[in-house]
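Work through these exercises with the structure open. Try each task before you read its solution.

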Amino acid sequence: TLKAVIFDLDGVITDTAEYHYLAWKAIAEELGIPFTREFNENLKGVSRMDSLKLLLSQAETPIAYSDAELDQLADRKNKLYVELIEKITPADLLPGVTDFVKEIRSSGVKTGIASASKNAPTVIHRLGIEDQFDVIVDVNTLKNNKPDPEIFLTAAAALGADPADCIGVEDAVSGVDAIKAAGMFAVAIGNAAHFPHADVVLDSTSQLNFGVLKAKFEGQ
Ligand code: G6P
Ligand code: MG
């Protein structure tokens, strides 16, 4: 039986995936590295430093950066990102999310956030939704990044739910892989071609319907 729904944040609850993309694109342009939306799919759900390394791997003539230089580039990307999220208000919740979360909670099912972003607490605060989630995993306490299941397993444990009784919602390929590795039911938001491993793929958050997903979860 369904006990909890665990959400990714960026690109699922609000469109911060777009802000991560814009900030990385600015860094790529500075460095003269080609950077497309298609390539950006690989960065979704990936930690700041790992994202930077993936981006740098796209250079036509790869350069060996020192750890200090890598830290500076990652910091610069984060400053650009932090500027973008300063403008977030509750109006930036993606369509359908508020009602979906309300339906989950009113059915007695728990809710959690499993975001790899160190900026997640700020974003959640600006959206004004802290009280809608029973747990927000602190990424600083984790050892492994998505697609490792640790973040989803940590959320489930904090909610007292068996992973088999959880649904995970993600917009990242690495995130869907983390949900499946955790033994959960995976709902992906985005282009179905990107998510062969998801149990359900929705084009947009406006299609999130608790009754429909619960029935699919129970029929799996
Ligand atoms: C999420 C996003 C990624 C981002 C990562 C780290 O997983 O999907 O695009 O790189 O968080 O975010 P941070 O805010 O800590 O740089
Ligand atoms: Mg995401």
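**Exercise 1. A helix and its buried face**

Which residues of helix H5 (residues 97-106) are buried?

Solution. Keep in mind that this is a predicted model.

Step 1: Apply the cut-off. A residue is buried if 20 or more other C-beta atoms lie within 10 Å of its own.

Step 2: The buried residues of H5 are Val97, Phe100, Val101 and Ile104.

Step 3: Look down the helix axis. The buried residues of H5 fall within an arc of 95°, so they line one face of the helix.

Step 4: Recall the general rule. An α-helix has 3.6 residues a turn, so residues three or four places apart point the same way.

Step 5: Find the cover. Strand E1 (4-7), strand E2 (110-113) and helix H9 (210-218) are among the elements that cover the buried residues of H5.

Step 6: Check what comes after the helix. H5 is followed by Gly108, which has a positive phi, near 80°.

**Exercise 2. Two annotated residues**

Find the residues that the UniProt annotation "active site" covers, and describe where they sit.

Solution. 

Step 1: Read the record. In an unreviewed UniProt entry, the annotation "active site" covers Asp8 and Asp10.

Step 2: Asp8 is in the loop between E1 and H1. Asp10 also lies in the loop between E1 and H1.

Step 3: Decide on burial. Asp8 has 31 C-beta neighbours inside 10 Å, so Asp8 counts as buried. Asp10 has 26 such neighbours inside 10 Å, so Asp10 counts as buried.

Step 4: Trace the contacts, leaving out residues up to four places away in sequence. Asp8 touches Gly45, Ala114, Ser115, Val169, Glu170, Asp171, Ala172 and Gly175. Asp10 touches Thr16, Ala17, His20, Ser115 and Ser117.

**Exercise 3. The shell around the ligand**

How many residues surround ligand 1?

Solution. 

Step 1: Count. The shell around ligand 1 holds 17 residues.

Step 2: Pick out the closest. They are Arg48, Ala116, Ser117, Lys118 and Asn119.

Step 3: Sort by type. The shell has five nonpolar, eight polar and four charged residues.

**Exercise 4. The nonpolar core**

Which residues have the most contacts inside the largest nonpolar core?

Solution. 

Step 1: Size the core. The largest nonpolar core has 69 residues.

Step 2: Ile6, Ile113, Phe152, Ala156, Ile167 and Val187 have the most contacts inside it.

Step 3: Follow one of them. Beyond residues up to four places away in sequence, Ile167 touches Leu2, Val5, Met184, Phe185, Val187, Leu213 and Phe217.

Methods
Residues are numbered from 1 along each chain as its sequence is written. Chains are lettered from A and ligands numbered from 1 in the order in which they are written. This is a predicted model: local features need pLDDT of at least 70, side-chain atom pairs count only at pLDDT 80 or more; totals for chains, interfaces and linings use all residues. A residue is near a molecule or strand if its C-beta atom, placed from the backbone, lies within 6 Å of it. Ala, Val, Leu, Ile, Met, Phe, Trp, Tyr, Cys and Pro count as nonpolar, Asp, Glu, Lys and Arg as charged, and the others, Gly among them, as polar. A residue is buried if 20 or more other C-beta atoms lie within 10 Å of its own, exposed if 12 or fewer, and partly exposed in between; C-beta atoms are placed from the backbone. Helices (H or I, at least four residues) and strands (E, at least two) are DSSP runs, numbered from the N terminus. The arc is that of the directions from the helix axis to the C-beta atoms. Two residues are in contact if their C-beta atoms, placed from the backbone, lie within 7 Å. UniProt positions are given in the numbering used here, feature names are shortened, and annotations may be inferred rather than shown by experiment. A nonpolar core is a set of buried Ala, Val, Leu, Ile, Met, Phe, Trp, Tyr and Cys residues joined through C-beta atoms within 7 Å.
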